Amino acid sequence: MATFVQSAGFPILLPLFFLFKSSKNTAFQSREKPSRSSLFLIYLFFGLMLAGDNLMYSYGLLYLPVSTYSLICASQLAFNCLFSLLLNAQKFTALILNSVVIVTISAALLAVHSESDTSTKLSADKYAIGFVCTVAASATYALYLSLLEVTFKRVIKSETFDTILKMQVFPSFIASCACVVGLYASGEIRILTAEMNGFNKGEISYLMTLIWTAVLWQICCIGLLGLIFEVSSLFSNVISTLGLPALPLLAVIFFHDKMDGEKIIALLLAVWGFLSYVYQNYLDDSKAKSSKSEENEATITH
């Protein structure tokens with residue numbers, strides 16, 4: 001069920017297809033558009049990959065303390081650097097490396113600070129399963145983002161919001177179907193009613209938790225896909241990791257948690273890393289505009 005809600009909220013995106021219809025009057029787009037069979041295989045591949053990745057993350061969270069889980073998840077940036085270098089020809093400057101390292105340290109600092117390690121006692125076997133699943137999920141997620149960037153730029157080659165929606169909705173539908181099969185195959189579907197009835201806050205709270213978790217996952221995913229489409233998979237991962245140190249600040253606002261020095265340092269490091277990446281993008285954009293301006297001047301001169 002924890003895996004299912006990560007992809008099941010895709011129906012909320014369907015109205016956006018009518019609001020952001022892609023233009024079909026461009027000959028270039030029609031010539032370069034991949035076949036339906038190719039698109040089906042792409043959506044099937046990413047859907048099954050998404051389901052498997054979400055399942056591994058769910059097992060990791062089930063078998064590991066939250067602090068250990070968060071610490072391992074922070075490693076996905078390192079995996080993303082490797083895949084971006086191999087698959088996306090990402091150029092690493094001092095500012096980008098500084099951003100990746102600082103954001104990773106920020107997330108790790110927050111995870112080490114967590115006191116949840118003492119709250120749960122698990123067997124060595126379950127701990128090992130959780131550890132392996134979380135590491136594998138972090139690597140798979142990084143590969144997933146890099147492959148999405150490759151697909152956008154080399155296969156689909158369409159610069160529309162409609163393209164981003166399709167890449168979110170169709171794989172999510174396939175992932176949700178795979179999760180439904182898993183619910184029936186594992187027999188978990190038979191205990192959902194008892195689980196809902198035994199929820200401490202009541203049945204309505206149980207349903208609202210599932211519904212809003214599913215909705216917020218879709219909002220998050222469509223934003224991350226947009227970042228991959230517009231910038232890069234690495235930048236998308238930096239932004240998602242940036243959210244981890246921001247959690248204590250939200251906890252202070254909504255749950256009146258205590259904000260101590262380590263949380264403040266983690267938050268400041270995350271902002272520092274984020275600004276480093278943004279400044280590098282600013283430099284790249286300025287350089288690109290300058291080069292384009294020089295080319296136009298040379299063309300006019302000749």
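**Reading salt bridges and a helix**

Modeller: The side chains of E149 and K153 form a salt bridge, with N and O 2.9 Å apart. Keep in mind that this is a predicted model.

Biologist: How many salt bridges does a search of the whole structure find?

Modeller: In general, side chains of opposite charge can pair when their charged atoms come close. Here the search finds two. Besides the pair of E149 and K153, K166 bridges to D162, with the closest N and O atoms 3.2 Å apart.

Biologist: Where do E149 and K153 lie in their helix?

Modeller: An α-helix has 3.6 residues a turn, so residues three or four places apart point the same way. E149 and K153 are four residues apart in helix α7 (residues 124-156), which means that about one helical turn separates them. K166 and D162 are also four residues apart, about one turn, in helix α8 (residues 161-186).

Biologist: Is E149 buried or exposed?

Modeller: Buried means under 20% relative accessible area. E149 is at 3%, so it counts as buried, while K153, at 47%, is partly exposed. In the other pair, D162 is buried at 7% and K166 is partly exposed at 27%.

Biologist: Which residues are buried in α5?

Modeller: Q76, L77, N80, C81, F83 and S84 are buried there. Just after α5, A89 has a positive phi of about 55 degrees.

Definitions and conventions:
Residues numbered from 1 in each chain as written. Predicted model: local features only at pLDDT ≥ 70, side-chain atom pairs only at ≥ 80, totals over all residues. Heavy atoms only, no water. Salt bridge = Lys/Arg side-chain N within 4 Å of Asp/Glu carboxyl O. Helix = DSSP H or I, 4+ residues; strand = E, 2+ residues; numbered from the N terminus. Buried < 20%, exposed > 50% of the residue type's maximum accessible area, 1.4 Å probe, protein only.
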